[in-house]
Amino acid sequence: MGKSSTYTSKIPGPDGRFRYDAEETAIWSELYRRQMEKLGDFACLSYLAGQEKLGFSPNSVPQVSEIDQRLNALTGAGVKPVAAIIPQAEFSGLLSERRFPVATFIRRREHIDYIEEPDIFHEVFGHCPMLTDPAFCVFMERFGGLAQEVPKKHVLRLYRLWWFTVEFGLIREDGALKAFGAGIMSSPSEVDHAKCGTADVLPFDLMTIFRTAYRIDILQPVYFVINSFDELAASLDENIPELLDRARDMGDLPPRFDIAA
Ligand SMILES: [Fe+2]
């Protein structure tokens, strides 16, 4: 949990299961139904297939242990329950083992539209379906390894790639723009924003991404579009430390947001 968080992490029972009361389940249901309606045909095929493979339902908050088992069988990926935001090195280490850290608490009603810290709706509804895609998992694992290997001065810049893909990425499918980033999938306002076409949409390009700063507290002013998850995974064949060096030397592109805000 962050220092200012008003949430406490959930402790599993002796059976490894997390308990969600009626109000928590109602929040999950409401978020799930509303988000599915908003997403419509905007979710990418891998995401939709992943939801089905994981057996998500609006009726109950999924159990992390069950998702973990299913992912293991499907792609060798997994999830690990964590209190909330964890240190970057620990986060990267888990990714490099194909394990995705998930916070297990769920937001309260007063935060139903927006919560800054990731809760289980963001982690599970937003992220987990993509972990059923083999190429996406290759990207995640290799990204985690790289984040552990690059010099410390480059780690934040490298995480821009995570931000603009795993969190807010778009993909082109049969000529149409679809979403796969968890920050879009799990946020009602971000879906509306991404669909309405007011943000800039740029082709996926590592150097541009490494030179693009972002803010976590605003609707994203720019999205990047990949053509396939194989392309995303293969992008890490590039000499990433060298690209990061070059990006730092060239400096950031002009931001599309107010820095002073
Ligand atoms: Fe996330």
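1. Asp174 is found in the loop between strand S3 (170-173) and strand S4 (176-179), where strands (E, at least two residues) and helices (H or I, at least four) are DSSP runs numbered from the N terminus. Residues are numbered from 1 along each chain as its sequence is written. This is a predicted model, in which local features need pLDDT of at least 70, side-chain atom pairs count only at pLDDT 80 or more, and totals for chains, interfaces and linings use all residues.

2. Although Asp174 is not a glycine, its phi is positive, at about 50 degrees. Asp174 is exposed, with 6 other C-beta atoms within 10 Å (buried means 20 or more such atoms, exposed 12 or fewer, and partly exposed in between, with C-beta atoms placed from the backbone).

3. Arg98, in the loop between H4 and strand S2 (99-103), likewise is not a glycine and has a positive phi, of about 60 degrees. Arg98 is partly exposed, having 19 other C-beta atoms within 10 Å.

4. Helix H4 (residues 88-96) packs with helix H6 (residues 134-149) at an angle of about 140 degrees, their axes being 7 Å apart; axes are lines fitted to C-alpha atoms, for helices over the stretch in contact, and angles run from 0 to 180 degrees between N-to-C directions. H4 and H6 are therefore oblique to each other (under 35 degrees counts as roughly parallel, over 145 as roughly antiparallel, 65 to 115 as roughly perpendicular, and the rest as oblique).

5. On the H4 side, Ser92, Gly93, Leu94, Leu95 and Ser96 meet residues of H6 that include Met140, Phe143 and Ala147, contact requiring C-beta atoms, placed from the backbone, within 7 Å.

Notes. Two residues are in contact if their C-beta atoms, placed from the backbone, lie within 7 Å.
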